[in-house]
Amino acid sequence: MSSAIVSVINPYHWKLVAALFFLIFSFLFALSAGDVDISMTQIFHYLSHCVSLQDGATSSPMGCEMAPLYQKIIWQIRLPRLFLALLTGIGLSICGLILQAITRNPLADPYLFGISSGASLGAVLVMAFLASAGLSITLGALVGGAFSVFLMLILAGRSMLLVERLVLSGVAVSFMLGAFTSLVLYFSTPEVASSLLFWMMGSFSNATWQALSLPALVILIGFCIFFIYRHWINALQAGDDTAISLGIPVDTLRLSMLLVCSAITAVLVAKVGGIGFVGLMIPHICRMLVGSQVNKLLLMCVLLGAAFMLWVDLISRSLLAQQVLPIGIVTSAVGSLFFFIILKTKRLRR
Amino acid sequence: MPYTPKSINVPLFAADKLCWRVDEQVILQNISLNIPKQSFVGIIGPNGSGKSSLLNCLYRKINATSGQLDFNQQDIHSYSRRDLAKQIAVLQQEPSYQFELRVDEVVAMGLIPQSSLLSISRVQDTDAIKQALTDVGLKDKSETIFNHLSGGEKQRVLIARALVQGAQVLLLDEPTNHLDIAHQIEILHLIKNMNLSVILSLHDLNLAAAYCDHLILLDKGQVIAQGSPQQVLTTDNLKQVFKVEAQVSESAFHQQHQISYDLMPQPDQLNSSDTLTQATPHRKAIHPAKEQAHE
């Protein structure tokens, strides 16, 4: 039903438009807020006159009347940071949605499945032992994420085609790899341990334009794959038997979607560290808004996941003066509170 | 010998010595059968006799360990899953979904085999969904949450999904389970009038006799009898397979057979089960003559 050809605009389309405007508003607001206050008028002026595809700070284009320092703050600090937050929100939300749908488990998210613990372990190992070898954290996280999926499939063995077994072995892998990460932490020097800990709690602080390209590419490809197979994934929600009878290659589909999710998660964990709860919560909030059809949820998750992460980032850098809280703390705290309120009010309405 | 009806020579499904084993355990054993086109075929048999497994073979949810299965005179493995889904729609036993899907969203799943992955939904798709829901009498419930429906309504939604799917063959696994008698009749009547080839498993032998024009009687994974209800539902067959004393007579309401059972457990069953033995004196009190006859 998400179609341009259907001439009647239905409530779903209005909700999408509303979510899009909310995202744009959140983005602009997050761009203006911070330790250095830049007014909305200045933001609009910057976006309309000062943005050029080159480094906007060095050579101001014609008509730009903004102080170079402000331009620098926007271009070099805030924009990359906001885009990284945006991408993280999108990636984790759509992964959560897809994992919940293919396992028919409302608790599924990249964390439950051990993908992020695998990626964390890989990244932590690189940071603790191989930092001098020049290996990138991203590579470590990717290898770790792939390893966790591999381990999960081995553990599930022949019964990996049964959803419940798959989820259980994912949980087992998650704890196993989590234990190894703790072990590495335990045996590291205090300095390394504290930087590892801070990294694991998640942060957008190191965002640069260069660092954005890989997550953006992986998430774009992942989104396209999810979008192409959205009807199939949706039918999986009705059970494997139904999906098979509709001509869907259930086992292949589930396995490939799992791999796509682990790629997205691994890249994100490598860039921003561990950020929980988003992948679990955003799909549920979207379900309350547009129902359970995956094709409708997918776009909604992109918009709301991105917007939510922008607010989380805003809170994390404005709650304490001169200090940035780790993102993971804020997502979990704000997220659980928000989620709790929503569940409560939903029950009242029924 | 496989049963072949005289009127239609081309079988829809033809199985030859079909076997299915799981870990050395034989679930289906040497199943040979012919299912004619445009017929209403019932698969009957006790619990665990292989009814569901046979249905699962017919849409290739499971692949038989050995033997040959033809669909429309071609090996069923020569079809792609998608081609099969275009021709065969399946209704599983009354489901409940983890996520709250709406009725029209469930029916829309029937469009999947017909449409390519990249296609977006069209106006005629919405119309097809509306039409199917009207056909099953659920026009007003299209926006209701599927899980909130009653058992009978759920079955009707799934029938609407099969209609949207546009398949010529409908497989149903105990569609009347958990339904009261009025809804059982309603569902079977609805399916009967859809002008499709229907294969369904049933527990209620009287419903099977009244609605099916071809029956397959299974026991322990083997075909015991197949043919018209008159040929299959005999006192001997029922005693052998279901271990009940039954009497077959003509129904007061329709031309088909009707079965009445002796509702007390049979003595050979009682011997194998200690808990049931206590029922024996009660039984003797009601059927003293019959009990003696068995002894």
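Author: One starts by counting the elements of secondary structure. In this predicted model, chain A holds 14 helices and 0 strands.

Reader: What share of chain A is buried, and what share of its contacts joins residues 24 or more positions apart?

Author: Burial is read from the number of C-beta atoms around a residue, with 20 or more others within 10 Å as the cut-off. Buried residues make up 45% of the 350 residues in chain A. Among contacts in chain A with a separation of 6 or more, 72% are between residues 24 or more positions apart.

Reader: How many residues does the largest nonpolar core have, and which have the most contacts inside it?

Author: One looks for buried nonpolar residues that are joined to one another. The largest such core has 178 residues, and those with the most contacts inside it are A:I98, A:C301, B:V107, B:A160 and B:L171. Helix α3 (residues 68–103) of chain A contributes the largest share of this core, 17 residues.

Reader: Which residues are in contact with A:C301, leaving aside its neighbours within four places in sequence?

Author: These are A:S93, A:I94, A:L97, A:I282, A:P283 and A:C286.

Reader: In what order do the strands of the open sheet in chain B lie?

Author: A sheet is read from strand to strand through its pairings. In chain B, 4 strands form an open sheet in the order β2-β1-β4-β5, with antiparallel pairing. Strands β2 (25–36) and β5 (74–75) of chain B stand at the edges with a single partner strand each, so one side of each has no neighbour in the sheet. Strand β1 (residues 11–22) of chain B pairs with β2(B) over 8 bridges in the antiparallel sense; B:A15, for instance, has B:L33 in β2(B) as its bridge partner.

Reader: How many residues does each chain bring to the contact between chains A and B?

Author: Chain B brings 28 residues and chain A brings 26 residues. On the side of chain B that touches chain A, α2(B) gives the most, with 4 residues. By class, that side of chain B has 17 nonpolar, 4 polar and 7 charged residues.

Terms used:
Residues numbered from 1 in each chain as written. Chains lettered and ligands numbered in written order. Predicted model: local features only at pLDDT ≥ 70, side-chain atom pairs only at ≥ 80, totals over all residues. Contact = placed C-beta atoms within 7 Å. Helix = DSSP H or I, 4+ residues; strand = E, 2+ residues; numbered from the N terminus. Nonpolar A, V, L, I, M, F, W, Y, C, P; charged D, E, K, R; others polar. Pairing = 2+ DSSP bridges. Core = buried A, V, L, I, M, F, W, Y, C linked by C-beta atoms within 7 Å. Buried ≥ 20, exposed ≤ 12 C-beta atoms within 10 Å, placed from the backbone.
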